[in-house]
Number of protein chains: 2
Amino acid sequence: MDQPPFEPEVRVEDGAELLYGRGTVDNKGQHFTYPCAVRTLRDTTGLPCNVTLILDGEEESGSPNLLDAVEAREDHLAADVSINSDGPIDGSGRPSVSFGNRGILVVGLDVDGPKGDLHSGHYGGAVPSPAWELIRLLGTMRDEHGRIAIDGFYDAVEGVPAPDRDLLDEFEPDPDELQADLDVGGFQDGPGETFLEQTLYYPSLNVNGLASGHGEDGFKTIVPSDAAATIDMRLVVDQDPDRIFELFERHVEAHADDRLETTVTYHASMDPMRTPIDTPYFDPIVDAVTDGWGEEPVVKPSTGGSAPYALFTDYLGLPHASIPYGQNDNNQHSPDERFAVEHFRTGIRTSARLLDAVSTV
Amino acid sequence: MDQPPFEPEVRVEDGAELLYGRGTVDNKGQHFTYPCAVRTLRDTTGLPCNVTLILDGEEESGSPNLLDAVEAREDHLAADVSINSDGPIDGSGRPSVSFGNRGILVVGLDVDGPKGDLHSGHYGGAVPSPAWELIRLLGTMRDEHGRIAIDGFYDAVEGVPAPDRDLLDEFEPDPDELQADLDVGGFQDGPGETFLEQTLYYPSLNVNGLASGHGEDGFKTIVPSDAAATIDMRLVVDQDPDRIFELFERHVEAHADDRLETTVTYHASMDPMRTPIDTPYFDPIVDAVTDGWGEEPVVKPSTGGSAPYALFTDYLGLPHASIPYGQNDNNQHSPDERFAVEHFRTGIRTSARLLDAVSTV
């Protein structure tokens with residue numbers, strides 16, 4: 001049964017209490033653990049440090065107002081460290097801490113050809129085809145080893161820092177199991193040896209979608225009038241999305257066939273970020289999570305996805321860690337989103353431990 | 001106003017009589033000119049030769065029963081020559097005669113990847129992408145000069161026979177005008193020098209459609225689970241569609257990445273055909289059309305599109321010519337299809353002249 005989104009309700013299922021309602025876990029509930037932790041500390045041992053709370057309700061829309069809000073209050077945001085909680089814990093069921101994430105740049109690539117779809121019998125072989133041009137142009141962007149062939153693309157890429165290597169071993173997935181689970185016959189070549197090296201420390205160029213002419217069932221014998229791709233680039237420290245966009249545009253300009261009209265569109269971006277794991281906050285944070293959760297966390301020097309935390313590391317200059325509290329079966333982004341009450345309590349306890357721990361540094 | 005399809009009506013528009021109704025011009029009306037011509041000749045000068053009429057009402061569906069029908073009646077179909085009338089006259093407004101057409105082979109190319117769309121942040125750069133694989137695989141099918149790079153593809157291709165050259169000059173379009181009209185910045189490289197050489201005497205490999213992941217407005221940052229292309233190949237004499245399909249399959253097998261699953265599907269085909277223009281029927285046919293129409297026809301040694309006439313040339317072993325009677329603004333395949341009554345009359349006259357003319361050879 002769908003829970004009305006704005007009428008939260010605790011239901012007991014298989015002996016566990018679950019709080020149903022829109023955003024209960026992503027991210028109202030996780031946000032709320034911090035004021036709860038602050039109050040608990042105040043009412044008991046006393047607050048061990050100054051705490052500034054930033055509650056961003058727009059992260060799913062790319063946090064369009066967060067930078068402005070932070071800029072306008074910069075004086076009040078002087079701090080030593082920043083932490084946040086968002087999303088589910090590790091897939092293994094263990095808690096996790098992440099010190100970084102990849103950035104992203106999303107672009108559109110459109111090739112505009114003849115004024116309308118043309119009869120392929122009357123025009124095929126003579127009129128340049130936008131579909132072929134899109135295929136050719138995208139083909140120039142990768143070499144035969146799966147490396148991105150855009151000039152300068154890897155210039156700022158560092159690879160795997162030595163201190164991170166040991167941490168990776170702990171959560172490196174078994175390639176055979178992952179391959180079987182995903183139903184593919186192997187993994188890509190390219191920079192990076194293992195799955196985690198490839199998805200955390202190297203950028204990727206992903207064709208999210210292709211559309212041209214008639215791609216559905218049946219067929220229509222045409223030279224299509226246009227062809228389009230959407231592409232995301234997952235970026236790593238220290239790649240700058242604007243600089244990468246410039247390189248992408250320059251590549252397209254250099255390789256495009258001028259008999260057709262090719263357009264590059266900037267859709268969206270987020271900066272990559274990573275706090276080096278030799279930060280003095282590393283041990284206190286990991287210990288606090290272990291203590292609050294009753295279990296050692298999986299520590300991820302980075303995650304493959306993207307989030308707006310570069311604002312804290314790069315703009316405010318703070319070390320930053322992410323510690324998710326949601327349970328894995330949380331229906332995040334779906335109807336009937338739910339937050340396990342046990343995870344909410346554990347989250348409050350962990351938030352309090354974190355405030356205690358970071359104040360000791 | 002839409003004319004009910006099965007209630008034909010003659011309407012006078014701008015002083016011209018037009019017969020409205022489903023299939024009036026494509027192809028009931030054009031078929032009907034031949035029985036009319038036979039009756040006219042019988043009632044006047046006498047029928048100059050034996051005439052066998054084949055009325056195929058399924059050409060738009062690929063004539064699925066025509067071959068069986070012809071095979072079953074082969075004894076009755078011994079003949080010296082075959083002619084047919086279909087479609088509109090030349091775009092210039094002049095009548096036309098065509099002695100050949102390209103064949104076609106339509107195939108599907110599908111790449112199946114991970115079991116579902118994957119988050120490009122978590123998997124991008126490691127899991128092989130069906131979209132990239134489709135792009136790469138299609139990329140192996142053309143060289144940098146626009147030639148088809150499938151082994152053996154051009155083996156049976158003759159190019160332009162010497163006798164055809166002069167005829168081409170007469171209807172070769174002006175490249176600048178055509179370019180402006182189609183809104184492209186030039187024509188393709190590849191075999192063949194001119195537009196007509198490329199579209200009548202050389203085969204082409206046309207990507208009719210591409211579909212993968214999210215290709216519409218906005219974006220969705222995924223590694224898509226599959227990618228598909230539909231492709232047609234326009235074939236010339238003496239390319240055999242089944243042989244070409246074999247070469248296409250072999251190419252895909254040799255180049256496909258075995259980490260993903262690639263499937264080739266045979267959708268449809270028609271054989272190419274061409275009656276050499278040194279046929280003894282050439283002059284009688286051209287003269288008869290000139291006489292019936294009151295204007296010299298544009299003579300096309302071949303057309304770029306495809307039609308099922310190889311049945312007459314290759315199976316029955318007859319010289320074959322196509323002489324269209326429809327006016328250009330006939331709304332063919334659309335509501336309000338219409339046949340200009342003047343064209344119908346000219347068609348009957350031309351059909352009668354044709355029967356007279358071919359009987360003299």
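Student: How many bridges join E8(A) to strand E8 of chain B, and do the strands run parallel or antiparallel?

Tutor: Please bear in mind throughout that this is a predicted model. Strand E8(A) and strand E8 of chain B, each at residues 204–213, are joined by five bridges, and the two strands run antiparallel. Within this pairing, A:Ala211 stands opposite B:Ala211 of E8(B).

Student: How many residues of each chain are in contact across the interface?

Tutor: On chain A, 67 residues are in contact with 67 residues of chain B. Between them the two chains bury about 5500 Å², and carbon and sulfur atoms give 59% of that area. Three residues, A:Trp132, A:Leu210 and A:Arg259, supply 15% of what chain A buries against chain B, more than any other three residues.

Student: What rotation and what shift along its axis superpose chain A on chain B?

Tutor: To read such a relation, one takes the rotation together with the shift. Here the rotation is 180° and the shift along its axis is 0.0 Å, with an RMSD of 0.1 Å. This is therefore the relation of a two-fold axis. The same surface serves both copies, since 100% of the contact residues of chain A recur in chain B.

Student: Where do salt bridges occur within a chain, and which residue does B:Asp336 meet?

Tutor: Over all chains, the count comes to 36 salt bridges. One of them joins the side chains of B:Asp336 and B:Arg11, at 3.8 Å from N to O. This pair links distant parts of the chain, 325 residues apart: B:Asp336 is in the loop between strands E14 (320–322) and E15 (338–340) of chain B, while B:Arg11 is in strand E1 (residues 9–13) of chain B.

Student: Which residues does B:Ser306 touch, leaving aside those up to four places away in sequence?

Tutor: B:Ser306 itself lies in the loop between strand E13 (298–300) and helix H10 (310–315) of chain B. The residues that B:Ser306 touches are B:Asn101, B:Arg102, B:Gly103, B:Ile104, B:Arg234 and B:Met270. Through its side chain, B:Ser306 reaches the backbone oxygen of B:Gly103 at 3.3 Å and makes a polar contact with the side chain of B:Arg234 at 2.9 Å. The C-alpha atoms of B:Ser306 and B:Gly100 are 9.1 Å apart, although 206 residues separate the two along the chain.

Student: Which residues are joined by a cis peptide bond with omega of about 15°?

Tutor: That bond joins B:Asp26 and B:Asn27, and B:Asn27 is placed in helix H1 (residues 24–43) of chain B. Another cis peptide bond, with omega of about 5°, joins B:Val237 and B:Asp238. B:Asp238 is found in the loop between strand E10 (226–235) and helix H8 (241–255) of chain B.

Student: Is phi of A:Asp14 positive or negative?

Tutor: Phi of A:Asp14 is positive, near 50°, in a residue other than glycine. A:Asp14 lies in the loop between strands E1 (9–13) and E2 (16–20) of chain A.

Definitions and conventions
Residues numbered from 1 in each chain as written. Chains lettered and ligands numbered in written order. Predicted model: local features only at pLDDT ≥ 70, side-chain atom pairs only at ≥ 80, totals over all residues. Heavy atoms only, no water. Contact = heavy atoms within 4.5 Å. Buried area = accessible area lost by both parts, 1.4 Å probe. Helix = DSSP H or I, 4+ residues; strand = E, 2+ residues; numbered from the N terminus. Pairing = 2+ DSSP bridges. Least-squares fit on C-alpha atoms with pLDDT ≥ 70 in both. Salt bridge = Lys/Arg side-chain N within 4 Å of Asp/Glu carboxyl O. Polar contact = N/O pair within 3.5 Å; in protein donor to acceptor, adjacent residues only side chain to side chain.
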